[in-house]
Amino acid sequence: MGNGWHEWPLMIFTVFGQCVVGGFIVLAVALLRFETTSLQRQRIFTAMTGLWVLMGLAFVASTLHLGSPLRAFNALNRIGHSALSNEIASGALFFAVGGCGWLLAMMKKMPPALLRVWLVITALLGLTFVWMMARVYDSIDTIPTWYSLWTSLGFFLTVLTGGPLLSYLLLRVAGFRACGMRALPAVTLLAVMISLVAGLMQGHELAAISSSVQQAAALVPEYGTLMAWRVVLLLVALAVWIVPQLKNRQPAVPLLSLAFVLVLAGEMIARGIFYGLHMTVGMAVAG
């Protein structure tokens, strides 16, 4: 029993990776939707550096979980047959295509037509990465606490919770007033509300999952308390983000940075609960 903190490398890898995917998608939409000058685009590309730094940290954390960075190459041996290999391959492809395109854009070597193609393809690769990440866990029928809709839903909700705020922060770093992105807090708020409902429903289902030696509800005794702290952190982050806009002011970069740290903390709590619910059983009973 525990809260899953021993899996902190995977917590960092999954949460950071999902936030980066969400952040990139929003920035891609901004670049495709709004008319921008070449100087404005360069500022966005410069701010996008934050995405790839976070993605790099995510992959560094993932190699720590493997024990040795060299084992990451062995994990690619069964692409197409192993969920883990598919996860690493899709993540590496997203990182490589996104990073190389960003580098070309930073060097002003990216033609406008190719820019649009790169944005769309990289966004699709990011969504594929998150899906493959979820499949590593929700395809294991011998772990009933992971073998459910809540796994995939939770991973994609992190994309919608952390991604919009991260992209908004980077746009502000780039010097944009981001007035056209006022809907982003609503996206995160909706994701938080869905997460709250999903957490309550999952907590109810845990009481019905058991094996001959353990009850799923007993795996994380502090489930309710931890989920409450998560909700508090996310709501405070939303307040920091939204309140200045209600006063017709743009949130300052330091405040947005604080809000993003709070979101990361909230999502790390949720991911810690997720890993804490691991049940290594051959047979389980649900019902």
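This is a dialogue on reading features of a predicted model.

Q: How many helices and strands does the protein chain have, and in which pattern do they follow along the sequence?

A: Start with the inventory of elements, then their order. The protein chain has 10 helices and 2 strands. Along the sequence the pattern reads α-α-α-α-α-α-α-α-β-α-α-β.

Q: What percentage of the residues count as buried, and what share of the contacts links residues 24 or more positions apart?

A: Both values refer to the whole chain. Of its 287 residues, 51% count as buried. Among contacts in the protein chain with a separation of 6 or more, 81% are between residues 24 or more positions apart.

Q: Which residues touch the most other members of the largest nonpolar core?

A: A nonpolar core is a set of buried residues joined through side-chain atoms. Here the largest one holds 83 residues, and Phe24, Met48, Leu51 and Trp118 touch the most other members. Helix 1 (residues 8–33) gives the most to this core, namely 15 residues.

Q: Taking Met48 as a case, which residues is it in contact with, leaving aside neighbours within four places in sequence?

A: With those neighbours set aside, Met48 is in contact with Phe24, Leu27, Leu31, Trp102, Trp118 and Leu170. Phe24 and Trp118 are also named with Met48 among the residues that touch the most other core members.

Q: Is Gln245 buried or exposed?

A: The label rests on relative accessibility, and buried means under 20%. Gln245 counts as buried because its relative accessibility is 8%. Gln245 is part of helix 9 (residues 223–246).

Q: Is Gly175 buried or exposed, and where is Gly175 found?

A: The cut-off for exposed is over 50%. Gly175 counts as exposed because its relative accessibility is 51%. Gly175 sits in the loop between helix 7 and helix 8.

Q: How many cavities of 30 Å³ or more does a search of the whole structure find, and how much space lies in the largest cavity?

A: A cavity is space where a probe fits but cannot get out. The search finds 1 cavity of 30 Å³ or more. The largest cavity holds about 310 Å³ of space. It is lined by 21 residues, with Trp150, Gly154, Gln202, Arg230 and Ala270 closest to its centre.

Q: Which helices supply the lining of the largest cavity, and how does it divide by class?

A: At least two lining residues come from each of helix 7 (149–173), helix 8 (184–206), helix 9 and helix 10 (253–276). Helix 7 has the largest share, 6 residues. By class, the lining has 10 nonpolar, 8 polar and 3 charged residues.

Q: What lines the second largest pocket?

A: A pocket, unlike a cavity, is an open set of points. The second largest pocket holds about 310 Å³ of space. Its lining has 18 residues, with Arg41, Phe45, Met110, Pro112 and Leu115 nearest the centre. Helix 1, helix 2 (38–47) and helix 6 (112–138) each supply at least two of the lining residues. The lining divides into 10 nonpolar, 3 polar and 5 charged residues.

How values were computed: Residues numbered from 1 in each chain as written. Predicted model: local features only at pLDDT ≥ 70, side-chain atom pairs only at ≥ 80, totals over all residues. Heavy atoms only, no water. Core = buried A, V, L, I, M, F, W, Y, C linked by side-chain atoms within 4.5 Å. Buried < 20%, exposed > 50% of the residue type's maximum accessible area, 1.4 Å probe, protein only. Helix = DSSP H or I, 4+ residues; strand = E, 2+ residues; numbered from the N terminus. Contact = heavy atoms within 4.5 Å. 1 Å grid on protein atoms, 1.4 Å probe; cavity = no way out; pocket = protein on both sides within 12 Å on 5 of 7 lines; lining within 4 Å. Points joined across faces, edges and corners; volume = space filled by probe spheres on them. Nonpolar A, V, L, I, M, F, W, Y, C, P; charged D, E, K, R; others polar.
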